[in-house]
Amino acid sequence: LSHRSAACCSRMFSWMEAITTAYLNKLKEDDSLCRQAQTSGTFYLFHNLSPFLRKVGKKYLIPQLSAAEMKRILEKFKETEQWIEKSVLIGCSDEHVPHFALDLGASEKSVIEAELKGSFTDLRKALFVVDEKDSTLLASAQALLRWHDSHQYCSKTGQPTQKNIAGSKRVCHASGITYYPQASPVVIILVSDGSRCLLARQPSFPEGMFTALSGFCDLGEAVEEAARREVAEEVGLEVESLRYSASQHWPFPSSCLMIACHALVRGQQLKISMNSLELEEARWFSLEEIVDGLKRGPKSAKQDNGSFLPWFPPKQAVAHQLINEWVKQQTSQPTQVQ
Ligand SMILES: NC(=O)C1=CN([C@@H]2O[C@H](COP(=O)(O)OP(=O)(O)OC[C@H]3O[C@@H](n4cnc5c(N)ncnc54)[C@H](O)[C@@H]3O)[C@@H](O)[C@H]2O)C=CC1
Ligand SMILES: [Mg+2]
């Protein structure tokens with residue numbers, strides 16, 4: 001894998017970010033400092049893991065509520081003072097105003113929505129209607145809330161675990177085990193034969209949507225090994241010349257770290273042997289088909305007879321970036337396109 005991206009990221013990590021990171025680390029380590037920060041922080045709300053959005057004109061915004069506003073609202077709903085204990089630290093502004101996320105799943109959804117003039121929206125929809133910066137924040141905030149919700153007990157002793165104030169870990173006081181939030185590594189590979197690329201669909205995908213091959217890394221496996229295994233398992237092809245492109249946190253079905261790569265099929269193998277337990281369709285796409293597909297979305301892909309032309313994941317998904325990079329590569333080497 002290339003070190004290009006990692007090197008770029010470290011160059012771009014400014015002194016400002018370094019100071020912010022140091023401040024956040026302090027809040028994670030120091031419970032009383034974090035408790036104090038909660039009183040001057042802002043809160044993003046969720047209800048059973050759906051983020052709160054407010055539509056302003058044509059835009060969807062994610063309102064940040066001050067601690068005072070939160071108190072006023074929750075008192076109205078007769079929630080106890082304990083609410084603040086459930087919040088988790090998700091970042092801070094350049095001016096060091098800390099941001100927290102809080103799930104109000106125990107309260108009546110419609111009443112909060114009416115009071116705050118907005119709605120709790122399924123994350124799958126929310127991510128695609130808010131600005132890019134907000135979608136990253138919503139995805140990571142939801143991932144942290146989801147992790148806390150599903151790690152309330154120690155898996156060794158069965159005893160309740162306690163979160164620290166920031167929510168960066170949970171501890172079982174009976175066993176002394178500390179649990180940290182985790183993501184599952186997933187490889188996503190755009191396989192090319194030099195002039196075409198291979199995309200597939202699973203039965204659960206929205207109709208007409210094709211994407212690059214993907215799969216969870218097994219325990220003990222390197223990214224390169226996982227990529228080769230997944231391609232072999234899903235389409236029966238061998239790949240080589242693996243090239244790292246980018247990575248992304250992906251919240252579905254729960255916290256994945258997507259590691260995106262390009263790869264070439266080995267030799268002249270072109271015959272796909274699809275694993276029909278995992279995939280519904282897998283095929284090679286020409287550059288022209290890809291360029292056309294990139295112009296379509298779920299709505300415009302639908303034809304009059306009800307069938308769907310191929311379309312690809314939206315720009316928020318790292319699969320989109322892989323497909324775009326492949327198009328750029330093809331068009332910058334016109335001799336390879338037949
Ligand atoms: N952001 C993006 O551009 C894209 C993201 N993805 C994400 O990648 C993820 C994995 O892709 P798939 O091809 O479905 O994986 P996959 O090919 O490994 O198949 C999924 C199966 O793997 C098993 N599995 C093994 N470890 C697992 C774990 N830690 N969590 C859940 N299941 C596990 C389960 O039996 C599951 O049904 C999906 O959750 C999907 O949302 C997939 C394509 C594009
Ligand atoms: Mg797969």
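1. Pocket first. On a 1 Å grid over the protein atoms alone, a pocket is an open set of points with protein on both sides within 12 Å along at least five of seven lines; a cavity is a set where a 1.4 Å probe fits but cannot get out. A molecule sits in one of these if more than half of its atoms lie within 2 Å of its grid points. By that test, ligand 1 sits in the largest pocket.

2. Ground rules. This is a predicted model, where local features need pLDDT of at least 70, side-chain atom pairs count only at pLDDT 80 or more, and totals for chains, interfaces and linings use all residues. Residues are numbered from 1 along each chain as its sequence is written, chains are lettered from A and ligands numbered from 1 in the order in which they are written, and side-chain values use heavy atoms, with hydrogens and water left out.

3. The protein has 10 helices and 16 strands. These are DSSP runs numbered from the N terminus (helices: H or I, at least four residues; strands: E, at least two). The C-alpha atoms fill a box of roughly 65 × 50 × 40 Å along the principal axes. Of the 338 residues, 45% count as buried. Buried means under 20% relative accessible area, exposed over 50%, and partly exposed in between (1.4 Å probe, protein chains only).

4. Magnesium site. S214 (O) and E234 (OE) coordinate the magnesium ion, ligand 2, at 2.1 to 2.2 Å. S214 belongs to strand β13 (residues 213-216) and E234 to helix α8 (residues 223-235), so the pair ties together parts that are 20 residues apart in sequence. S214 is partly exposed, at 22% relative accessible area. E234 is buried, at 2%. Donors here are N, O and S atoms within 2.8 Å of the metal (3.2 Å for Na, K and Ca); water is not among the atoms, so sites may look incomplete.

5. Polar contacts of ligand 1. A polar contact is a pair of N or O atoms within 3.5 Å; within protein, one must be able to donate a hydrogen and the other to accept it, and residues adjacent in sequence count only if both atoms are side-chain atoms. A polar side-chain atom of E234 is 2.8 Å from an oxygen atom of ligand 1. F216 uses a backbone N or O atom, 3.0 Å from a ligand oxygen. F252 has a polar backbone atom 3.1 Å from an oxygen of the ligand. Taken alone, ligand 1 exposes 850 Å², and the protein buries 63% of that. Accessible areas come from the Shrake-Rupley method with a 1.4 Å probe; for residues, only the protein chains shown count as cover.

6. Cis peptide. F252 and P253 are joined by a cis peptide bond, with omega about -10 degrees. P253 lies in the loop between β14 and β15.

7. Positive phi. K117 is not a glycine, yet its phi is positive, about 55 degrees. K117 lies in the loop between α5 (109-116) and β7 (119-120) and is exposed, at 63% relative accessibility. S241, also a residue other than glycine, has a positive phi near 50 degrees. S241 is in strand β14 and is partly exposed, at 49%.

8. Pairs across the chain. R146, in helix α7 (residues 132-149), is partly exposed at 26%. R146 and N48 are 98 residues apart along the chain, with C-alpha atoms separated by 9.0 Å. A67, in helix α4 (residues 67-76), is buried at 11%. Its C-alpha atom is 7.1 Å from that of F43, 24 residues away along the chain. Q269 sits in the loop between β15 (256-265) and β16 (281-286). Q269 and L145 are 124 residues apart in sequence and 45 Å apart in space, C-alpha to C-alpha.

How values were computed. On a 1 Å grid over the protein atoms alone, a cavity is a set of points where a 1.4 Å probe fits but cannot get out, and a pocket is an open set with protein on both sides within 12 Å along at least five of seven lines; lining residues have an atom within 4 Å of a point.
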